[in-house]
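Student: Can you walk me through this one? I'd like to start with the packing.

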Amino acid sequence: MRIRTGFKDERTAIIGLFTSAFSESEGPEEGRAIGQLAETLLDRTPPQDILVLSAWRDGAITGCIMLTRLTFDGEPREVFLMAPVAVATVWQGQGIGQALISHGIDVLRGRGVDVAVTYGDPAYYARTGFQPVSQEVVPAPLPLSQPEGWQAQSLNDRGLEPMAGRATCVAAFDNRDYW
Ligand SMILES: CC(C)(COP(=O)(O)OP(=O)(O)OC[C@H]1O[C@@H](n2cnc3c(N)ncnc32)[C@H](O)[C@@H]1OP(=O)(O)O)[C@@H](O)C(=O)NCCC(=O)NCCS
């Protein structure tokens with residue numbers, strides 16, 4: 001498996017992967033919505049605010065994760081949100097998702113990012129160090145429909161001290177439907 005961090009030549013494959021993985025697991029409507037989200041994230045996010053990791057095998061994409069910046073008023077710490085995450089249906093259950101997430105966390109840590117946040121099934125993300133977190137510690141940028149899925153991990157030795165101020169996500173995520 002090879003992991004790529006570019007998303008110019010990979011753009012069409014990445015959007016196709018999110019559309020098909022979510023269509024097959026959650027239905028075609030959700031597949032279209034997450035494919036559209038992936039497209040908007042790739043096209044509208046300033047380069048310093050996005051990191052995309054995709055896994056490839058024999059020239060075909062097998063998985064992808066996106067990490068985008070969350071900012072907090074009056075908070076110097078750097079925070080990235082990991083979402084969405086997808087592995088192609090035929091490649092699921094072989095460790096690709098966890099390999100991408102672990103690699104993404106290493107890249108964030110190497111760049112001096114302080115905290116990683118995600119929103120999804122805690123049973124899955126606990127495997128890569130995420131723990132459920134309250135919105136008093138890490139405020140969410142929009143109201144959460146499933147607050148139990150809000151998770152975070154510190155990427156340094158300072159622990160997860162409460163974030164100061166209001167949270168803002170990148171423009172593509174500024175839509176209640178995704179939260
Ligand atoms: C969720 C997803 C990314 C996992 O990727 P993956 O490469 O299949 O996962 P891995 O191989 O790294 O890990 C597999 C393990 O995680 C478990 N797992 C997978 N999805 C899980 C979930 N939602 N909740 C809990 N455990 C889960 C599997 O049962 C398996 O457990 P095992 O190792 O004990 O057999 C992938 O199934 C997927 O793309 N699903 C559709 C889209 C989606 O739901 N994305 C996540 C929401 S943003």
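Tutor: First, a term: a nonpolar core is a set of buried (under 20% relative accessible area, 1.4 Å probe, protein chains only) Ala, Val, Leu, Ile, Met, Phe, Trp, Tyr and Cys residues joined through side-chain atoms within 4.5 Å. This is a predicted model: local features need pLDDT of at least 70, side-chain atom pairs count only at pLDDT 80 or more, and totals for chains, interfaces and linings use all residues. Numbering runs from 1 along each chain as its sequence is written, and side-chain values use heavy atoms, without hydrogens or water.

Student: Which residues touch the most other members in the largest nonpolar core?

Tutor: Phe18, Val117, Trp150, Phe173 and Trp179, out of 41 residues. Helix 1 gives the largest share of this core, six residues. Helices here are DSSP runs of H or I, at least four residues; strands are E, at least two.

Student: What does Phe173 touch?

Tutor: Counting heavy atoms within 4.5 Å as contact, its partners include Leu37, Leu41, Leu142 and Trp179, leaving out residues up to four places away in sequence.

Student: New topic. What is the volume of the largest pocket?

Tutor: About 1,100 Å³. A pocket is an open set of 1 Å grid points where a 1.4 Å probe fits, with protein on both sides within 12 Å along at least five of seven lines; lining residues have an atom within 4 Å of a point. The volume is the space filled by probe spheres set on the points.

Student: Which residues lie nearest its centre?

Tutor: Phe22, Val85, Tyr119, Gly120 and Tyr125, among 37 lining residues. Strand 4 supplies the largest share of the lining, seven residues.

Notes
Buried < 20%, exposed > 50% of the residue type's maximum accessible area, 1.4 Å probe, protein only.
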